[in-house]
Amino acid sequence: MQIAGAGPWELGVPSGWSFKDHGTDAAYLEAPDGTRGCYIKTIELKEPKPSAEALSDYLQRVHEKSFHDATSNTWKVVARQGAQDGEFFRSQLDLLDKESAYRVLSLVVSSASYAVQVTVHDYLCQDYERTKGDFAPMATSIRWAASAV
């Protein structure tokens with residue numbers, strides 16, 4: 001894995017993935033063959049949410065709704081989970097459109113004021129268990145960079 005960063009956050013991404021210009025406010029990295037990629041978006045609130053979990057839940061709800069509203073895909077929530085990790089809350093929203101062979105894994109790590117949302121796409125998800133294993137290290141590697149503290 002190699003380290004990618006956005007603002008005060010960093011995470012491990014598969015070797016060979018590189019930053020691409022996608023014309024959005026989120027950083028985008030893509031696999032060399034273009035079948036996988038991830039968006040990294042940092043968030044800083046002027047007014048904090050009541051808790052890290054509240055911010056994380058809000059971001060995941062908005063993200064899930066946007067996928068259901070903006071695409072013709074038939075998304076199913078495969079998994080939804082979250083847990084406190086020190087001062088941060090980590091959550092995962094796993095969406096799959098089996099017919100289109102398309103998987104999206106939304107990862108959020110947040111405090112009450114700061115968050116990073118990493119959205120990992122497998123545009124050709126033919127083996128869910130394999131992609132699940134491939135993306136697991138990315139999920140656990142997200143952290144507030146020591147140099148930013």
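User: How many residues does the largest nonpolar core have, and which have the most contacts inside it?

Analyst: A nonpolar core is a set of buried Ala, Val, Leu, Ile, Met, Phe, Trp, Tyr and Cys residues joined through side-chain atoms within 4.5 Å. Buried means under 20% relative accessible area, exposed over 50%, and partly exposed in between, with a 1.4 Å probe and protein chains only. In this predicted model, the largest such core has 21 residues, and W17, C38, I40, V118 and V120 have the most contacts inside it. Two or more residues come from each of β1 (2–6), β2 (9–13), β5 (36–44), β8 (102–110), β9 (114–122) and α2 (128–141). These labels follow DSSP runs numbered from the N terminus: helices are H or I runs of at least four residues, and strands are E runs of at least two. Another core, of 6 residues, lies apart from the largest one and includes F67, W75, L95 and Y102.

User: Which residues does W17 touch, beyond those up to four places away in sequence?

Analyst: A contact means heavy atoms within 4.5 Å. By that rule, W17 touches Q2, L29, E30, A31, P32, R36, G37, C38, V120, F135 and M138.

User: How should I read the charged pairs, and how many salt bridges does the structure hold?

Analyst: Side chains of opposite charge can pair when their charged atoms come close. A salt bridge is a side-chain nitrogen of Lys or Arg within 4 Å of a carboxyl oxygen of Asp or Glu. The structure holds 8 of them. In one, the closest N and O atoms of R36 and D134 are 2.8 Å apart. Because R36 lies in strand β5 and D134 in helix α2, this pair ties together parts that are 98 residues apart in sequence.

User: Which other salt bridge does D134 form?

Analyst: Its side chain also meets that of R130, with 3.8 Å from N to O. R130 and D134 are 4 residues apart in helix α2, so about one helical turn separates them. R130 is exposed, with a relative accessible area of 55%. Through shared partners, salt bridges join R36, D122, R130 and D134 into one network.

Terms used
Residues numbered from 1 in each chain as written. Predicted model: local features only at pLDDT ≥ 70, side-chain atom pairs only at ≥ 80, totals over all residues. Heavy atoms only, no water.
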